[in-house]
Amino acid sequence: MTVDEIIEFVAGLGDVLTMRPGPEDGSPKISWGDVFFYYSADGHTPSGVQPFATIVTKDYPDDDASHLDRPGAFRVNMSAGLVEFTRWTGRTPSEISSEDVDYAHDDTVLPHPVYGTAGWLSVTNPGPDTQAAVYDLLSLAHARARTRYERNEARAQNVSQVSESNSRA
């Protein structure tokens, strides 16, 4: 699997805003070359929302356990939620201990080295052993983000209707 194949797959899920930070957009230099996927029905960057998946291409100061400093290495990360996280790891996010996980192990579904406790899964250098799983987990993360978006939109609509109703009274 390549970064471009993953980007193409995620774009095909619909209503995805793909952000690829670079020098021209004012983003921090450390994020250049990485990819962030947001659910966005209107194509705008959602405010106060985390991406549902990311691709990182380098080690970060607080995230170097995957050893992405190797040539061509990258890691795809997905917000999987409690059920899928537990299904893939055999443990809940709170039961994960970083001492017993080799985060640099390629082509294996693992807890995210930093956000595993939040239900994120990751795959370093995905390949034939994890291709189907990565696509399934990306689809799931997208569906979770869409559900969250729709729930927030419904809440905003209800607040607006209540506010409008109160102003008429």
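Predicted model: local features only at pLDDT ≥ 70, side-chain atom pairs only at ≥ 80, totals over all residues.
Leu-138 illustrates the packing within the model. Leaving out residues up to four places away in sequence, Leu-138 touches Ile-6, Phe-9, Val-10, Leu-13, Phe-52, Ala-53, Val-76 and Met-78.

## Sheet

Six strands form an open sheet in the order S1-S2-S3-S4-S6-S5, and their pairing is antiparallel. Strand S1 (16–19) and strand S5 (110–111) are the edge strands; each has a single partner, so one side of each lacks a neighbour in the sheet.

S4 and S6 run antiparallel and are joined by five bridges. Val-76 stands opposite Val-123 of S6. Helix H1 packs on the sheet and touches S1, S2, S3 and S4. The direction of H1 makes an angle of about 10° with that of S2.

## Helix H2

Helix H2, residues 81–89, lies across S4, S5 and S6 and runs at about 45° to S6. Which residues of H2 are buried? They are Gly-81, Glu-84, Phe-85 and Thr-89. Viewed down the axis of H2, these buried residues fall within an arc of 115°, so they line one face of the helix.

On the face of H2 turned away from the buried side are the exposed residues Leu-82, Val-83 and Arg-87. After H2 comes Gly-90, which has a positive phi near 80°.

His-67 has a phi near 55°, a positive value in a residue other than glycine. This residue, His-67, is located in the loop between S3 and S4. Is His-67 buried or partly exposed? Its relative accessibility is 42%, so His-67 counts as partly exposed.

Asp-107 also has a positive phi near 55° and is likewise a residue other than glycine. Asp-107 sits in the loop between H2 and S5. With a relative accessibility of 13%, Asp-107 counts as buried, because buried means under 20% relative accessible area.

Conventions
Residues numbered from 1 in each chain as written. Heavy atoms only, no water. Contact = heavy atoms within 4.5 Å. Pairing = 2+ DSSP bridges. Helix = DSSP H or I, 4+ residues; strand = E, 2+ residues; numbered from the N terminus. Axes fitted to C-alpha atoms, helices over the stretch in contact; angles between N-to-C directions. Buried < 20%, exposed > 50% of the residue type's maximum accessible area, 1.4 Å probe, protein only. Arc of directions from axis to C-beta.
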